[in-house]
Each structure stands twice: as C-alpha cells, then as structure tokens.
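Opening the notebook on a new model today.

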Amino acid sequence: MTGQDLKVQRLDVGATAWGRSQDVLRERYVNSHEGPDVSRNDSGKPTARFDVGDICEVIGAALVRQAEDLQSPKVAQLLDGCRVEVTQIGSGASGKRIAIQDTGSVHGWVSVVSSSGEALVRIIEKELRGAAREKRIEAAVKAARHDHGKHTARFEVGDLCHVITSVIVRKEEALDSPQVAKLPDRCQVEVLEIGSGPSGKRLCV
C-alpha cells in the first residue's frame, strides 16, 4: 500500500507505487545531535583533547604499561613515529593516561605528556563526532550507492517528502507499468525504496 498522508489517510491501491524523484521536495527530519561526553572527568587535563578512536603518533618514545597505574607492569616501548589508536581515556587524577592499541599486538596504557609537560603522543587523525561524523559516513555511503551522481542520490529510504506538483504513481519502476494513483501537490510521502534503473529518477513511495 502507498501512503498519501502517512499520519491520517492511505490511498486505496493494491501495490507499492513509484514516482519521479525530481517531482518531490525532500524534507528530512533529523535530530541526531551528539553532545559532549558528560561521563568524562578530564576537562582541562592533558587527555581532554583525546577521544576513543583517535589515531595518534608517538613522539620520541612511549613506555606502555599493563594498566593505567604507573606502577603496573611494563608491556612494551613504542618508538618514535609509531602509530596507535586510542581505545580508552584514563580516569585517574593525573589526567595524562590513555589506553592504546598499535598496528600489531601491543595494547596498554601510555602517558600523553611527560612529567615536564612535553607531548609524548600527538593526534594525527581525529575521531569525528556528532554532525561531522554523520556527514563523513553519509558521504561514504552515497559514494558507494548505485545511483551516485543521479537525481535519486540525495534521497534515502525513510525520508519524509512533500510532492511539489501532482505526481503520477505507477505500480512498478518501469514508466510503462500500470498507473495506480495521482498524488496532489503538497502530499506527504515516505521513501520506501530507491530505484535501480539507469535513469536514476525513480523512487518507491
């Protein structure tokens, strides 16, 4: 069935319907703001600029220990230029400790600054959060879609849209398939499927 007004009324048709994407104004309803991590207690400390997922580079050398505690057993010594990923932010009073994983098998805790305040680890690729992260993911997904660069590329399944002008709705994606309805101007529809045809203009709503 195809919804004319998703909240109030449904069209009396017996199949999923297809319409042209250029006749629809996309109006997405997004509320995905991600605020700061209120569970962290390192505000103003050396680790505050680091986030889980950051890719970092060792400056000089870094001693890796088994736990956040500076008295815990030594695991390894990472050399200058070694790249690591942040896996956890320390909660200790010093505000200097992060857990890391290198490209091999080394996993443990390091200090991000020395006792004299010199940087021991620097961020080379920041883990994106909130809107920036969503934007990067969206760009990657769109680039991988079959309709990349076509009219339908700006639409996604689940988008709520308003028809700009009246739209002929057909039973299938093919333009010569039977007509099932005609949607009036400003009718609200939901995108159920993105067409796979070469025209790159067809949506299932």
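My entries follow, one topic at a time.

**Ground rules.** I am working with a predicted model, where local features need pLDDT of at least 70, side-chain atom pairs count only at pLDDT 80 or more, and totals for chains, interfaces and linings use all residues. Numbering runs from 1 along each chain as its sequence is written, and side-chain values use heavy atoms, with hydrogens and water left out.

**Confidence.** I started with pLDDT, the predictor's confidence in each residue on a scale from 0 to 100. The protein averages 77, and 71% of its residues reach 70 or more. Strand β10 (residues 107-111) has the highest confidence at 96, while strand β2 (residues 9-10) has the lowest, a mean of 30. Over residues 1-16 the pLDDT is below 50, yet this stretch has 34 contacts in the model beyond near neighbours in sequence; contact here means heavy atoms within 4.5 Å. Residues 21-36 also stay under 50, with 42 contacts beyond four places in sequence.

**Overall make-up.** Of the 205 residues, 36% count as buried; the cut-offs are under 20% relative accessible area for buried, over 50% for exposed, and partly exposed in between (1.4 Å probe, protein chains only). Among contacts between residues at least 6 apart in sequence, 59% join residues at least 24 apart.

**Cores.** How many residues are in the largest nonpolar core? I find 17, and those with the most contacts inside it are F50, L78, I98, I100 and V110. By nonpolar core I mean a set of buried Ala, Val, Leu, Ile, Met, Phe, Trp, Tyr and Cys residues joined through side-chain atoms within 4.5 Å. At least two residues each come from β5 (55-58), β6 (61-65), β8 (83-89) and β9 (97-102), and β8 gives the most, with three. I then looked up I100: leaving aside neighbours within four places in sequence, its contacts include V64, L78, V84, V86, V106 and V110. Apart from this core lies another, of 13 residues, with C161, V167, A181 and I194 among them.

**The β9-β10 hairpin.** These two strands form a hairpin with four residues between them. They run antiparallel and are joined by five bridges; the pairing rule asks for at least two bridges found by DSSP. R97 stands opposite S111 in β10. Why do I call β10 largely enclosed by the rest of the structure? Four of its five residues are buried, so that is how it comes out.

**Cysteines.** C161 counts as buried because its relative accessibility is 0%. C204 is buried too, at 2%. I also checked for disulfides, defined as a pair of cysteine sulfur atoms within 2.5 Å, and the count is zero.

**Two loop residues.** A174 sits in the loop between β13 (167-170) and β14 (179-183). At 37% relative accessibility, A174 is partly exposed. Its C-alpha is 9.6 Å from that of G195, 21 residues apart along the chain. H151 is in the loop between α1 (130-144) and β12 (160-163), and is partly exposed at 39%. The C-alpha atoms of H151 and R202 are 8.5 Å apart, with 51 residues' separation along the chain.
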